[in-house]
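Subject: Structure handover

Hello,

Here is the structure I said I would pass on.

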Amino acid sequence: MKEIMVSVIMPCLNVKDFIEEAIESVLNQTLKDIELIIVDADSDDGTVEIIDKYRNQDDRIVFLHSDRKSMGYQYNIGIKKAKGKYIGFVESDDYIDTKMYEELVGTAEQNELDFVKSDFDVFIGDKNERFFLNYVVLSTADEDLYNNVINPADYSAIIYRDVSMWNGIYKRDFIEKNRIFLNETAGAAFQDIGFILKSFMKAERIMYVHIPSYHYRKDNLNASVYNKVKHIKFVMDEMRFITEFMNSEDICSPFRAVIFHRLFGSFCAYYDEYINSNQKIEETEKQLEEFFLFIKDCYKKLEYHEINKEKIDKILSLTALLRSVEDFKVVRENISYLNKKGRKDFFESIKNRDIVIFGAGEVGQSIYACLYRNNIKSILCFCDNDIKKQGTNIMGLPCVSLDKITESCYNSDICFIIANIAHYNDIIKQLIKNNTERKNIIKSTDILPLIAFEINIKEL
């Protein structure tokens, strides 16, 4: 009997509209030496019947029943049952490219990696018409690290952008040796954060590859990421979970400050969502008061050189919290108001106008995805000064030089959205020199790939 190379774990609960595509994308892998471990939490919508159909066709499927506790609980059942040399994860409303595991296993074997991850796509739409937005794990500053063996301790800041666990494979021996499991608190959201951070801190040999092999759905309204009122509780749970792990494993520099910074940022973002929901939940309010004390305690344990390197002492919301909870609440309410107002003003300023997005990088593509999600179809093209991008097609739009726009028959009242913030002032000068009126130049609002499809302009 051949060795199982990858155990693919797929938790599910009432996903009859999506799970067929997820299962087929795993079973149709060019790497055949896999097992698909489906862990169902008592689905009652027809999901189990679909699974049974595929079990009768393919004996590589292992079907496990789970109590309806949490997604972390389901994933951990699968991890403990896995027999493969590597472990992978696929959510039951997503799908993967047919060569994903063949390519990742080949890379992991050749380089003796603890784990390897790829870029991924975020998408909306059904099989007949889909719209994709690529997420590149490594930033422009770190893109030379792709396809190189990395020790995470040397590049701890990568964890700001390494935000998912399902776009990679992990050596099972590595997972078991380091007792890397997911948090099992109730619910489904954010329980992968602990797994992501723990595997990153314990690994010594990892690699990122520049291929979007995983496709992450963003229009399943039943998904946990859309239950925004509960987000704050999940983030608090995960921050405690990962802090307890770091304490038990005696993990210190360089990870503590980076992880504190990342998790505190997440906490602030979802605190804003909680207060904007206008739903004061007594249990959550009590947990918040306890959590504020927990954050202060975590900060006190950071060494100064860590605080200084990550500029944690420059975080306005944290500075306010260290003074008082009331100061923190005032600061977050003002930041939340300004962010929401800024976003609303931005979309009002481009309403009913022909648009050119200047900058075809991550921000520009995210702006386009957000506009597409909100049925704004008046985007003419991308404009970019990068010669390599000029003349290409990006997300279905042409990408051209400014000269090409000048030579075209586009009207003179085009609205230019500057999405290349690093070169914002230089691009303004370039546009004005090209006879673009200042009123037609607008700075992009802050939108990144993972939230681009979540923004509903009508709700601003």
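A residue counts as buried when its relative accessible area is under 20%, and as exposed when that value is over 50%. By that cut-off, 52% of the 460 residues of the chain are buried. Please keep in mind that this is a predicted model.

Overall fold

The chain contains 16 helices and 15 strands. Its C-alpha trace spans about 70 × 55 × 45 Å along the principal axes. The radius of gyration is 23 Å, and this agrees with the value near 23 Å that a compact globule of 460 residues would have. Among contacts with a separation of 6 or more, 77% are between residues 24 or more positions apart. The chain exposes about 21,700 Å², and 48% of that area is supplied by carbon and sulfur atoms.

Interior

How many cavities of 30 Å³ or more are there? The count is 1. The space in the largest cavity is about 120 Å³.

Helix H7 (228-248) and helix H8 (255-276) each supply at least two residues of its lining. The largest share comes from H7, with 5 residues.

If you check backbone torsions, two asparagines may come up.

- Asn-375 has a phi near 60°, a positive value in a residue other than glycine. Asn-375 sits in the loop between helix H13 (362-373) and strand E11 (379-383). Its relative accessibility is 59%, so Asn-375 counts as exposed.
- Asn-435 also has a positive phi, near 70°, and is likewise not a glycine. The loop that holds Asn-435 runs between helix H15 (424-433) and strand E15 (441-443). Asn-435 counts as exposed because its relative accessible area is 72%.

In both cases, then, a positive phi occurs in a loop between a helix and a strand.

Regards

Terms used. Residues numbered from 1 in each chain as written. Predicted model: local features only at pLDDT ≥ 70, side-chain atom pairs only at ≥ 80, totals over all residues. Heavy atoms only, no water. Helix = DSSP H or I, 4+ residues; strand = E, 2+ residues; numbered from the N terminus. Buried < 20%, exposed > 50% of the residue type's maximum accessible area, 1.4 Å probe, protein only. 1 Å grid on protein atoms, 1.4 Å probe; cavity = no way out; pocket = protein on both sides within 12 Å on 5 of 7 lines; lining within 4 Å. Points joined across faces, edges and corners; volume = space filled by probe spheres on them. Rg over C-alpha atoms; globule rule 2.2 N^0.38 Å. Contact = heavy atoms within 4.5 Å. Areas by Shrake-Rupley, 256 points an atom, 1.4 Å probe, with all protein chains shown as cover.
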